[in-house]
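The following explanation leads a new reader through one protein structure.

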Amino acid sequence: MEKMDLIGIVCDEQCTPGKYYCLLCPKCKGGRLMERSLSLHVIPTGDFAMWRCFQSECGWAGRIFADGRLAFNEFSRTAKLFGGTVKKSLILEPLGDELITYFSKRMISQETLKRNVVMQTAGRQAAIAFTYRQNGQLVGCKYRTINKKFWQAKGTEKLFYGIDDINDADELIIVEGEMDKLSVEEAGFLNCISVPGGAPNKVSTNAVASIQKDTAYQYLWSCKDLLDKVPRVILATDSDEPGQALAEELALRLGKHRCWRVDWPYKDDFNRFKDANEILMQLGADALKKAIEDAKSYQLCDTDHIQVEGDLESFHEPS
């Protein structure tokens, strides 16, 4: 039951192995009639549970194992087969020793990984799976290899990583990547979210588009009501040019009057540390905490050096 809670399946009574239960599907909410359309079955041995939503427009299905493995169908992961379309199944499992060691070298603890339900894809060449959750339910994943290759299923809804961590926040921190969100947590801040898709190369010269047309920042507009309640937003994006451009674009949409900007410390006479994870690795959690606490009012920051370009087509991913 604890494992099922992580993906949003709530069993309102003790799940007895061998029985079937009809529940409210966390994906489609039971459709227009709010039917209990999710069939859940715990096998007699208790080793795993499996489910399927019988709403025709939903069809969410999967299995979750007592050892923490998770298999489910992503709606947008489709493949052509004999002229038709079939849904592929995605299998996630707890992080193995190789990836735990990788995170440890980047100063990310197992406690933080567990809290954020960071998993890995099953198979010989496992990739990191950053699970995206909203209102307690799994809504998507972003994948990353150790060699910094990123991908998401085509058509996956864009939303902030860690959005549930700011539900009751009166101050929030926005970073540029999932690794930075985990790093900020190591410094003691849970009220942190990450943008889902990296940063624009440069600031747009165009006026901010209407909400419907501002497609590159739909992850921001989709939680506008939540963000509007927060009086202070700390922008802790990367120190490079795209990171500064991202901070400017976010500040334009959030309102510069309530934004603060983190200036990462210098690592030599000319260059600053790039991001939260680099500071955590090189200087430690206390230095990262101080850098965030020393954030300056955005309106006082000098942004004259941010270069401008007319479109937001090209985005880069954080390291």
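**A guided reading of the model**

Arg258 is a buried residue, with a relative accessible area of 9%. The model in which this residue is found is a predicted one. The partner of Arg258 in a salt bridge is Asp228, and the closest N and O atoms of the two are 3.8 Å apart. This pair connects distant parts of the chain, 30 residues apart: Asp228 belongs to the loop between helix H6 (224-227) and strand E15 (232-235), while Arg258 belongs to the loop between helix H7 (241-254) and strand E16 (259-261).

The chain as a whole may now be considered. The protein chain contains 9 helices and 19 strands. It has 319 residues, of which 49% count as buried. Among its contacts with a separation of 6 or more, 59% are between residues 24 or more positions apart. The accessible surface of the protein chain amounts to about 16300 Å², and carbon and sulfur atoms contribute 50% of that surface.

The structure holds 16 salt bridges, and the bridge between Asp228 and Arg258 has already been described. Another is formed by the side chains of Arg115 and Asp165, with a distance of 2.7 Å from N to O. Here too the pair links distant parts of the chain, 50 residues apart, since Arg115 is placed in helix H3 (residues 110-115) and Asp165 in the loop between strand E10 (150-151) and strand E11 (171-175). Both partners are partly exposed: Arg115 has a relative accessibility of 34%, and Asp165 has a relative accessible area of 22%. A further salt bridge joins Lys256 to Glu248, whose closest N and O atoms are 2.9 Å apart. In this pair Lys256 counts as partly exposed at 26% relative accessibility, whereas Glu248 counts as buried at 10%. Salt bridges with shared partners also bring Arg115, Asp165, Lys181 and Glu185 together in one network.

Attention may next turn to a sheet. Strands of a sheet pair through backbone hydrogen bonds, and the pairing is either parallel or antiparallel. In this structure, 5 strands form an open sheet with mixed pairing, in the order E12-E11-E15-E16-E17. Strand E12 (192-194) and strand E17 (296-297) stand at the edges; each has a single partner strand, so one side of each is left without a neighbour in the sheet. Within the sheet, E15 and E16 run parallel and are joined by 3 bridges. Ile234 stands opposite Trp260, a residue of E16.

Helix H4 (residues 178-186) packs on this sheet, where it touches E11 and E12, and its direction makes about 170 degrees with that of E12. How many of the residues of H4 are buried? The number is 8 of the 9, so the helix is largely enclosed by the rest of the structure. The buried residues in H4 are Glu178, Met179, Asp180, Lys181, Leu182, Ser183, Val184 and Glu185. Of these, Lys181 and Glu185 were named above as members of the salt-bridge network. Gly188 follows H4, and its phi is positive, near 105 degrees.

When neighbours within four places in sequence are left aside, Thr121 is in contact with Ile91, Leu92, Glu93, Ala126, Ala127 and Tyr143. Leu138 is found in strand E9 (residues 137-144) and counts as buried at 4% relative accessibility. The C-alpha atoms of Leu138 and Ile7 are separated by 4.6 Å, although the two residues are 131 residues apart along the chain.

The cysteines complete the account. How many disulfides does a search of the whole structure find? The search finds 0. Cys22 and Cys25 may be described by their accessibility: Cys22 counts as exposed at 52% relative accessibility, while Cys25 is buried, with a relative accessible area of 1%.

Definitions and conventions: Residues are numbered from 1 along each chain as its sequence is written. This is a predicted model: local features need pLDDT of at least 70, side-chain atom pairs count only at pLDDT 80 or more; totals for chains, interfaces and linings use all residues. Side-chain values use heavy atoms; hydrogens and water are left out. Helices (H or I, at least four residues) and strands (E, at least two) are DSSP runs, numbered from the N terminus. Buried means under 20% relative accessible area, exposed over 50%, partly exposed in between (1.4 Å probe, protein chains only). Contact means heavy atoms within 4.5 Å. Accessible areas come from the Shrake-Rupley method with a 1.4 Å probe; for residues, only the protein chains shown count as cover. A salt bridge is a side-chain nitrogen of Lys or Arg within 4 Å of a carboxyl oxygen of Asp or Glu. Two strands pair if DSSP finds at least two bridges between them. Axes are lines fitted to C-alpha atoms, for helices over the stretch in contact, and angles run from 0 to 180 degrees between N-to-C directions. A disulfide is a pair of cysteine sulfur atoms within 2.5 Å.
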